[in-house]
Amino acid sequence: MRIATYNINGIKARAEALGAWLDAATPDVVLLQEIKSADAAFPRAPFEARGYAVETHGQKGFNGVAILSKLPLADVARGLPGDDADDQARWIEATVSGRRPVRICSLYLPNGNPAPGPKYDYKLAWMARMKARAAAMLATEMPTVLGGDYNVIPQPEDAARPQDWREDALFLLDSRAAFRRILHLGYADAFRLRESAPGHYSFWDYQAGAWQRDNGIRIDHLLLSPQAADLLDGAGIDKAVRGWEKPSDHVPVWIDLDA
DNA sequence: ATGGTAGCGGTGCTA
C-alpha cells in the first residue's frame with residue numbers, strides 16, 4: 001500500500017496537476033492539505049473517474065484536508081478533538097482496508113507565525129491536542145499513519161538555511177519540542193527511518209527564487225505507530241513535482257507499507 | 001529591513 005501526503009495549495013487550481021501526478025505515481029492513498037475549498041465545491045469527478053474514493057473536511061477559502069483512496073475507506077472522522085470552539089478544518093481520519101486495516105489521518109498543523117502572538121499560541125495548543133489524540137490512537141494498537149503538513153522543521157538538517165528560520169514558528173524550540181513529544185509517545189518519522197542525510201526538503205517558497213536555489217525545508221511528514229513502522233517497505237519525496245508547471249509550493253512525500 | 005509569489009474570491013488574509 002502506497003500512502004502519500006501532499007499539501008496541494010488550492011485544489012481548484014491544482015486538480016489537473018494532481019490528476020497527472022496520480023497517473024504517474026499511482027498511490028493507493030493520498031492525504032491532502034490546504035484544499036482551500038468547501039466540501040460541496042471540491043472537484044471530485046477527476047479523482048472518482050480514476051477510481052479514488054474522496055472524503056473531505058473542507059472550509060471556504062483557507063485550510064481544508066481530504067483523503068483520496070483506491071481502497072475502501074470506513075469510520076471517517078472529521079476534526080481534531082479537544083476544543084469545540086475550534087472551527088478550522090485541519091484534521092480528518094479514516095480506516096483504509098488493505099490486506100490489513102490501517103488507520104490514517106490527514107492533518108494540517110497551524111503555521112503559527114508571527115511568533116510570539118495568538119497564532120503561535122494556537123499552534124502550540126493545537127499540538128497539545130494532537131498529542132492527546134495521537135496517544136489515544138496508539139492505544140488501539142492498529143497500524144496508524146499520521147500524515148500531513150506539520151509546519152515543523154524537526155532539525156537543522158531539515159533546512160537548507162537553518163539560520164534564516166531561527167525566529168520562525170516552524171523552527172522555534174517550543175514547536176520542535178512539541179513535535180518531539182508526539183514522537184516520544186512511540187511514533188517514528190517514516191522518512192528518517194529510511195534516510196539520514198541532510199538536504200531533503202518538501203517545501204520551497206514561491207518567493208525569492210527558493211526553488212531555483214534549492215532553498216527548501218522538510219515540513220511534510222508521515223508519522224508511523226510501531227505497528228505501522230513494522231510494515232514499512234520504503235519512503236521518499238517526489239521532488240521533481242516542484243519543477244512542474246504551476247506547482248504547489250509543497251511536493252508529495254510517500255511511504256510503501258506491507259499492508 | 002524589505003520585498004519577493006501564489007490561491008481564494010472578489011478585499012485583504014494567509015502562507
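1. A word on terms: two strands count as paired if DSSP finds at least two bridges between them. Helices (H or I, at least four residues) and strands (E, at least two) are DSSP runs, numbered from the N terminus. This is a predicted model, in which local features need pLDDT of at least 70 and side-chain atom pairs count only at pLDDT 80 or more, while totals for chains, interfaces and linings use all residues. Residues are numbered from 1 along each chain as its sequence is written, and chains are lettered from A and ligands numbered from 1 in the order in which they are written.

2. The sheet. Six strands make up an open, mixed sheet, ordered E3-E4-E2-E1-E14-E13. Strand E3 (53-57) and strand E13 (232-237) stand at the edges with a single partner strand each, so one side of each has no neighbour in the sheet. On average, neighbouring strands here are turned by 15° against each other, direction ignored (axes are lines fitted to C-alpha atoms, for helices over the stretch in contact, and angles run from 0 to 180 degrees between N-to-C directions).

3. Strand E2. Residues 29-33 form E2, which pairs with E4 (residues 65-69) in the antiparallel sense over five bridges; there, Val30 has Leu68 as its bridge partner. With E1 (residues 2-7), E2 pairs in the parallel sense, also over five bridges, and Tyr6 is bridged to Leu32. Val29, Leu31 and Gln33 point one way from E2, Val30 and Leu32 the other way, and all are buried (20 or more other C-beta atoms within 10 Å of a residue's own; exposed means 12 or fewer, partly exposed in between, with C-beta atoms placed from the backbone).

4. The DNA side. Around DNA strand B there are 16 residues, with Gly10, Lys12, Ala13, Lys36 and Asn111 coming nearest (near means a C-beta atom, placed from the backbone, within 6 Å). Helix H1 (residues 11-25) gives the largest share of this surface, three residues.

5. A contrast to finish. Ala139, in helix H3 (residues 118-139), is exposed, with 8 other C-beta atoms within 10 Å. The C-alpha atoms of Ala139 and Ile219 are 26 Å apart, at a separation of 80 residues along the chain.
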